[in-house]
Structures are given as structure tokens and as C-alpha cells.
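Trainee: Please take one part of this model and go through it closely. I would like to see how it sits in the rest of the chain.

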Amino acid sequence: MLKQVSIYAENKKGAFLEITSLLKEYHVNILGSVTNDSAEYGIIRMVVDQPEIAVDKLKAAGYMCRVTLVLGVELDDHVGALNQLLRSCLESNINIDYIYLCYNRSTGMPIMVMHTEGVPEVESCLKSLGYTLLEA
């Protein structure tokens, strides 16, 4: 399992820059991220190398944020790899709340970051199906 930091930020010019500047100041490396916005606020979800430090410093700066457990599933880099993962999830009755892409910097392989209910059970299921999952 991986720890994901979810940050609630005002939807304004420069907001993401403020967050990344703060993380840079404390040497927190962003490994993958996705943003979702609405008219007034957005959610920035990211996997970082030091989630506890990130949350501590972001909260101190006035951001509302939290840590969530997610799965990082390493896939082969070929056509249909994501489709097969999604098929495996459907056949195993796994509902994916959201998913986004990052890369394993050591291997260059794509990593699908997934949020589901019952993360430990889903992790066991996917491992039993032969998938490689990243550990925090």
C-alpha cells in the first residue's frame, strides 16, 4: 500500500504552485499526482516520498489535507495492460473509486494508483492474480 496525500485548495491562480513550492522547501518529492477541480475548490491527490512531512507542513500553512491508503499497481507497458487490470478488478468484484498514472522511477514501468474500499483485501486479491504492488 501507498500513502496518498489529498489536499483541498482554493481554485485560484497559483494555488498548485504554492503547494509545490512548500513541498520543495521541505524536500518532499512528488512521485505522482492528479487534480480535480470545482468552481471554488479543488482536490490535489499525490503520492509523495514523505507523506507525514508533507501533511504536517501543509496543515501548518493552512491547507486542509489528509492521508489515504491507495494501491500502486505496476503494469507492463503495452497496449491493453490497463484494460486487463480493470477486467481483473471487475471479475473480482472490485470497485475502483478513482485511478491515475505515475511511473516507477527505478524501473520505468507505469504504476496505476488506485483507491478502492477495503484496500488490504484488494491488495491481497491483486497479488494473488499475479500483479506487482508497490509498498510504502
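Mentor: A word on terms comes first. Helices here are DSSP runs of H or I with at least four residues, strands are runs of E with at least two, and both are numbered from the N terminus. The model is predicted.

By that count, the protein chain has four helices and seven strands. Their order along the sequence is β-α-β-β-α-β-α-β-β-α-β. The radius of gyration is 16 Å, close to the 14 Å that the globule rule gives for 136 residues, so the chain is as compact as a globular protein of that length. Along the principal axes, the C-alpha atoms fill a box of roughly 40 × 30 × 25 Å. Buried residues make up 39% of the 136. Among contacts with a separation of 6 or more, 65% join residues 24 or more positions apart.

Now the part to look at: α4, residues 119–128. Its buried residues are Val119, Val122, Glu123 and Leu126. Down the helix axis they fall within an arc of 105°, so they line one face of α4. The spacing follows a general rule. An α-helix has 3.6 residues a turn, so residues three or four places apart point the same way. Glu121 and Ser128 lie on the other side of α4 and are exposed. Here exposed means over 50% relative accessible area, and buried means under 20%.

What covers that buried face? After α4 comes Gly130, with a positive phi near 100°.

In α3 the buried residues are Ala81, Leu85, Ser88 and Cys89. Their arc around the axis is only 100°, which puts them on the same side of α3. Leu90 and Glu91 are exposed on the face turned away from that buried side. The buried residues of α3 pack against β4, β5 (96–103), β6 and α4.

Last, the surface. The accessible surface of the chain is about 7900 Å², and carbon and sulfur atoms hold 52% of it. There are 11 positive and 17 negative side chains, with the centres of the two sets 6 Å apart.

Conventions
Residues numbered from 1 in each chain as written. Predicted model: local features only at pLDDT ≥ 70, side-chain atom pairs only at ≥ 80, totals over all residues. Heavy atoms only, no water. Buried < 20%, exposed > 50% of the residue type's maximum accessible area, 1.4 Å probe, protein only. Arc of directions from axis to C-beta. Rg over C-alpha atoms; globule rule 2.2 N^0.38 Å. Contact = heavy atoms within 4.5 Å. Areas by Shrake-Rupley, 256 points an atom, 1.4 Å probe, with all protein chains shown as cover. Lys, Arg positive; Asp, Glu negative; His and termini not counted. Charge placed at Lys NZ, Arg CZ, Asp CG, Glu CD.
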